[in-house]
Amino acid sequence: AEWHRIVGILQYIETDYPAALESGSQVELDEQKAFIAEASASLAKLADRGAPYASRMAALRTVIESHGAADAVGRECHALADEIVQKSGIERSPRHPPDLDSGRATFLRVCASCHGEDGGAQTPIAKTLVPPPASFIDPSVMDALTPYRVFNTTTFGVPGTPMASFREVLTEDERW
């Protein structure tokens, strides 16, 4: 689970850090700092298994905390996540093909109240959430998503946002 959490956070930073930096919002930048701190703490929990990545994670944290270049952060997050996946042997795909009918039913039951039945995030609840839920009909959102990133997001949630962890609510198959 720690490896998945680290990779999920790195993927989140890779796509969200540029917008946080561009906005200049201290709240958004602090969120990015909190994410890299969480990834660093998760890596530390792995002790010797995480040691080969510690210096790269520390360097990445320094760049993020000093509001360094977005493209450099994105490249390093991507490269570090890929290397961790390759060397740790974690799986980035479901054990078997997902059941799309079951997935739709799960989405409607668990996710639609915030993300909307059509994925557009235009619901009464969504309008009260800060930050608002992702719109899955926005091409810029969808371009950044992979099934593995969605799996990690539903597994761990997104700290500091209304996106909760569904690890205890949904089975692994339901999250895929």
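## The second largest pocket

In this predicted model, helix α7 gives the most to the lining of the second largest pocket, with three residues. Helices α7 and α8 (172-175) each supply at least two residues of that lining. The pocket holds about 230 Å³ of space.

## The largest cavity

How many cavities of 30 Å³ or more does a search of the whole structure find? The search finds one. About 160 Å³ of space lies in the largest cavity. Its lining has 14 residues, and G8, I9, F156, G157 and V158 are the closest to its centre.

Three helices each supply at least two residues of the cavity lining: α1, α2 (26-45) and α7 (147-156). Helix α1 has the largest share, with five residues. The lining of the largest cavity divides into six nonpolar, five polar and three charged residues.

## How α1 packs on α4

Two packed helices are described by the angle between their axes and the distance between the axes. Here, helix α1 covers residues 2-23 and helix α4 covers residues 70-88. They pack at an angle of about 165 degrees. Their axes are 9 Å apart. An angle over 145 degrees counts as roughly antiparallel, and α1 and α4 are therefore roughly antiparallel to each other. Helix α1 passes α4 in a left-handed crossing.

Which residues make the contact? On the α1 side they are W3, I6, V7, L10, I13, E14, Y17, P18 and L21. On the α4 side they are A70, V73, G74, C77, H78, L80, A81, I84, V85 and S88. By class, 15 residues of this contact are nonpolar, three are polar and one is charged.

Technical notes. Residues are numbered from 1 along each chain as its sequence is written. This is a predicted model: local features need pLDDT of at least 70, side-chain atom pairs count only at pLDDT 80 or more; totals for chains, interfaces and linings use all residues. Side-chain values use heavy atoms; hydrogens and water are left out. Axes are lines fitted to C-alpha atoms, for helices over the stretch in contact, and angles run from 0 to 180 degrees between N-to-C directions. Helices (H or I, at least four residues) and strands (E, at least two) are DSSP runs, numbered from the N terminus. Angles under 35 degrees count as roughly parallel, over 145 as roughly antiparallel, 65 to 115 as roughly perpendicular and the rest as oblique. A crossing is left-handed if the near helix is turned anticlockwise from the far one by less than a right angle, and right-handed if clockwise. Contact means heavy atoms within 4.5 Å. Ala, Val, Leu, Ile, Met, Phe, Trp, Tyr, Cys and Pro count as nonpolar, Asp, Glu, Lys and Arg as charged, and the others, Gly among them, as polar. On a 1 Å grid over the protein atoms alone, a cavity is a set of points where a 1.4 Å probe fits but cannot get out, and a pocket is an open set with protein on both sides within 12 Å along at least five of seven lines; lining residues have an atom within 4 Å of a point. Grid points are joined across faces, edges and corners, and a volume is the space filled by probe spheres set on the points.
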